Amino acid sequence: MAHRHIKSLVKSALLACGAARLYHYARNRRALSVVMFHRILPEDDPRFAGADPAYTATLREFEAALDFFQTYYAPVSLAEVESAAREGTTLPDHPLLITFDDGWRDNVEYAAPVLERRGLPSVLFVATGHIGSDKGFWPEQALAWALTGPESDAEKRRLAGGGQDNPAADRMDFARNIVAAFAAAPEGPRAVMLDRIAAHGPGPRAMADAEDLKRFRAAGGAIAGHGHSHEPLTDVGDAREDIQACHARLQETMGQQNAPAFSFPHGRYTSEILHTVQEAGFGLVFTSDPGMAPVSALAQSAPIPRIEVDFRAWRGAQGFRASDFAFYMMTQRIAA
């Protein structure tokens, strides 16, 4: 802990004296940074208590990240990146693209107004089979129930058919054990269990519906594909069918789009899946592989890496550790 504190102090000093800025300006001048968020929720939203902290930023954390981006980067739109990839048009130095995965409604409710007020473009990658869903994806539904459901822990373990019997376990560890028990169940019994825990009644709607997506676009965001089922495309029975269904639903929901962008659900793909995505009519493809892309290497056919923003790494006793976040962003690998 002391070692980490010392490292944070050194990073803060390097940031304050300008050395970190000089390093960033020289090293990353012609590299595209694409940041990846999932959920954005204020702590007083009823969905926050049941949201996975690995994929959830508070509204204050999100605003702090945007402050940093606007200080050290030149935020760009998907259209600008597409033009650079397709036609070789120039991007500004230190370009940065803001993206969100999955299609959560909170992205429209909370992130979009902040981005619109600041004049920042973004991209929302949508799992099209879940548009307008109250529940979200089943692992998130099970996690939220394990964290906030009214049953006792023993009853939750019984209903899930497993989970470690450890009353002293950390709450998040306990919840993840419950999700693992659901995952180990066959699909049919799992669906029955999920229906049973959903019988308590729906909370605020989890996923954006068609009107929400149009609101997001009107606020300056782009809508793109993230698979149809949201299952890893390496695991689904027919990846081609899932990808084509995603493309068709996007066209139906958002109107004619010229080669919308795509990101791989769970970040998993093969070269064959990449080819299938492009063959289905998608344009730029984004991965969850960490790193930055040289602007000179952008091409319509090459997948683009992204930088995942997981605020757990920068939450300290004194609040958001901005210098640690800055060095995380500035020292990302630049893809060959």
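Visitor: Which residue in β5 is the bridge partner of methionine 36?
Guide: In β5, methionine 36 has threonine 99 as its bridge partner. One thing before we go on: this is a predicted model, where local features need pLDDT of at least 70 and side-chain atom pairs need pLDDT 80 or more, while totals for chains, interfaces and linings use all residues. Numbering runs from 1 along each chain as its sequence is written, and side-chain values use heavy atoms, without hydrogens or water.

Visitor: Good to know. How many bridges join β1 to β5?
Guide: Five bridges join β1 to β5, and the two run parallel. Strands here are DSSP E runs of at least two residues, helices are H or I runs of at least four, and both are numbered from the N terminus.

Visitor: How many residues of β1 are buried?
Guide: Seven of the seven residues in β1 (residues 31-37) are buried, meaning under 20% relative accessible area with a 1.4 Å probe and protein chains only (over 50% is exposed, in between partly exposed). Ala31, Ser33, Val35 and Phe37 point one way from β1, and Leu32, Val34 and Met36 point the other way. Both groups are buried.

Visitor: Switching to helices: how covered is α13?
Guide: Helix α13 (residues 322-330) is mostly covered, with seven of its nine residues buried. Those buried in α13 are Ser323, Asp324, Phe325, Ala326, Phe327, Met329 and Met330.

Visitor: I like aromatics. How many aromatic pairs are there?
Guide: The count comes to 23 aromatic pairs, taking Phe, Tyr and Trp rings (six-membered for Trp) with centres within 6.5 Å; planes under 30 degrees apart are stacked, over 60 edge-to-face, the rest tilted.

Visitor: Why is the pair of phenylalanine 68 and tyrosine 73 edge-to-face?
Guide: The planes of phenylalanine 68 and tyrosine 73 stand at 70 degrees, with ring centres 5.8 Å apart, so the pair is edge-to-face. Phenylalanine 68 and tyrosine 73 are both buried.

Visitor: How do phenylalanine 125 and phenylalanine 286 sit together?
Guide: Phenylalanine 125 and phenylalanine 286 make a tilted pair, 5.6 Å centre to centre with 55 degrees between the planes. This pair links distant parts of the chain, as phenylalanine 125 is in strand β6 (residues 122-126) and phenylalanine 286 is in strand β9 (residues 285-286), 161 residues apart.

Visitor: Is phenylalanine 125 buried or exposed?
Guide: Phenylalanine 125 is buried, at 0% relative accessibility. Phenylalanine 286 is buried too, with a relative accessible area of 0%.

Visitor: Which ring does the charged end of arginine 39 sit over?
Guide: Arginine 39 has its charged end over the ring of tryptophan 104, 4.0 Å from the ring centre. Arginine 190 lies over the face of tryptophan 138, with 4.4 Å to the ring centre. The rule asks for Lys NZ or Arg CZ within 6 Å of the ring centre and within 35 degrees of the ring normal.

Visitor: What makes something a pocket or a cavity?
Guide: On a 1 Å grid over the protein atoms alone, a cavity is where a 1.4 Å probe fits but cannot get out; a pocket is open, with protein on both sides within 12 Å along at least five of seven lines, and lining residues have an atom within 4 Å of a point. Points join across faces, edges and corners, and volume is the space filled by probe spheres set on them.

Visitor: How many cavities of 30 Å³ or more are there?
Guide: There are two cavities of 30 Å³ or more. The largest cavity has about 60 Å³ of space, and its lining includes Phe37, His38, Tyr55 and Asp310. β2 (39-40) and β3 (56-57) each give at least two residues to the lining of the largest cavity.

Visitor: Where does the largest share of the second largest cavity's lining come from?
Guide: Helix α5 (residues 105-118) gives the largest share of that lining, three residues. The second largest cavity has a volume of about 30 Å³, and among the residues lining it are Leu120, Ser122, Phe216 and Gly221.

Technical notes
Two strands pair if DSSP finds at least two bridges between them.
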